[in-house]
Amino acid sequence: QAGAMPKARRTRGPGPGPVLPLAEQILQDGAPRPTARGKRRGGAEEEEDGGGDGYVDARLSRRILEQARRQQEELEAEHGPGAPAGPKQRSTALGPAGRGPGSDSEDDEEWPSLERAAAMAGHGGEVEVDPEDEKAIEMFMNKNPPLRRTLADIIMEKITEKQTEVETALSEISGCPMPQLDPRVLEVYKGVREVLSKYRSGKLPKAFKIIPALSNWEQILYITEPETWTAAAMYQATRIFSSNLKERMAQRFYNLVLLPRVRDDIAEYKRLNFHLYMALKKALFKPAAWFTGI
């Protein structure tokens with residue numbers, strides 16, 4: 001119809017906003033505007049990061065679960081099944097309280113403290129003895145030992161038994177009796193006896209060092225009276241005799257001189273003197289003689 005009014009055009013989008021001052025309009029026109037490409041890129045990044053709404057996508061969740069499963073398997077392999085997983089396993093405490101399952105503190109706790117035992121012994125405290133060790137000591141220190149003969153008894157017996165026989169044999173061969181020890185020799189070894197009864201350290205008399213080379217070394221040794229030697233002298237004598245005597249002779253020295261002294265020292269002081277212990281250790285230079293004589 002000619003008289004109809006024209007239709008009003010509908011505007012798309014929001015209606016006209018409030019009118020701004022000219023200066024603000026100029027600033028808005030000069031500012032950069034986000035393009036659709038930027039929006040799409042921003043949207044893709046948000047999707048990779050989980051949508052930006054605080055959620056984790058499926059791929060990242062799968063990686064987290066896989067790492068947690070590996071950690072649990074490692075804990076079970078190290079501590080056995082049922083080991084709790086979590087930050088508590090990673091906590092590390094410094095100082096004496098930080099004793100982990102693989103620390104050296106368990107090895108220290110398994111054995112008694114030697115320093116503490118030594119301190120107790122030094123302050124007069126009593127140290128408990130293992131029953132097995134006490135039984136071994138009782139076997140070594142027999143309460144009713146058989147009658148023992150000293151080196152002097154055996155030597156005098158041998159001299160008494162064979163003196164007549166040897167003198168008779170030598171008299172028949174050479175026509176002269178077997179001479180006794182020279183008084184000067186007796187005087188020298190009586191002096192050696194005095195030295196060994198007071199010996200602490202230092203050099204020994206040369207007359208004592210040549211005893212192993214003598215054919216009648218047992219007789220000469222009897223003159224020096226081994227029962228009067230100090231423990232340090234017994235150690236030095238054991239060094240000399242174990243190095244220069246043969247197996248059978250060393251066995252006799254161990255059995256007739258060293259062993260009685262060791263037993264008497266333990267019986268008297270309830271412990272073994274350090275020098276006598278070192279003498280037993282040095283006597284192992286002749287193992288066969290040691291096991292047979294001791």
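**Stop one: the core**

Start by selecting Phe208, Leu221, Trp229, Phe241 and Phe253: they have the most contacts inside the largest nonpolar core, a set of 40 residues. A nonpolar core here is a set of buried Ala, Val, Leu, Ile, Met, Phe, Trp, Tyr and Cys residues joined through side-chain atoms within 4.5 Å, and buried means under 20% relative accessible area with a 1.4 Å probe, protein chains only. Next, colour the elements that give it two or more residues: H7 (151–174), H8 (183–196), H9 (206–209), H10 (217–223), H11 (231–244), H12, H13 and H14 (287–293). Helices are DSSP runs of H or I, at least four residues, numbered from the N terminus.

Bear in mind that this is a predicted model, where local features need pLDDT of at least 70, side-chain atom pairs count only at pLDDT 80 or more, and totals for chains, interfaces and linings use all residues. Residues are numbered from 1 along each chain as its sequence is written, and side-chain values use heavy atoms, with hydrogens and water left out.

**Stop two: Trp229**

Zoom in on Trp229. Beyond its neighbours within four places in sequence, its contacts (heavy atoms within 4.5 Å) include Leu196, Phe208, Met234, Val257 and Arg261.

**Stop three: H12 and H13**

Now show H12 (residues 247–269) with H13 (residues 274–283): they pack at about 150°, axes 10 Å apart. On the H12 side, pick Tyr254, Leu258, Arg261, Val262 and Asp265; on H13, Leu276, Ala279, Leu280 and Ala283.

**Last stop: zoom out**

The whole protein has 14 helices and 0 strands, and buried residues make up 21% of its 294 residues.

Terms used
Axes fitted to C-alpha atoms, helices over the stretch in contact; angles between N-to-C directions. Buried < 20%, exposed > 50% of the residue type's maximum accessible area, 1.4 Å probe, protein only.
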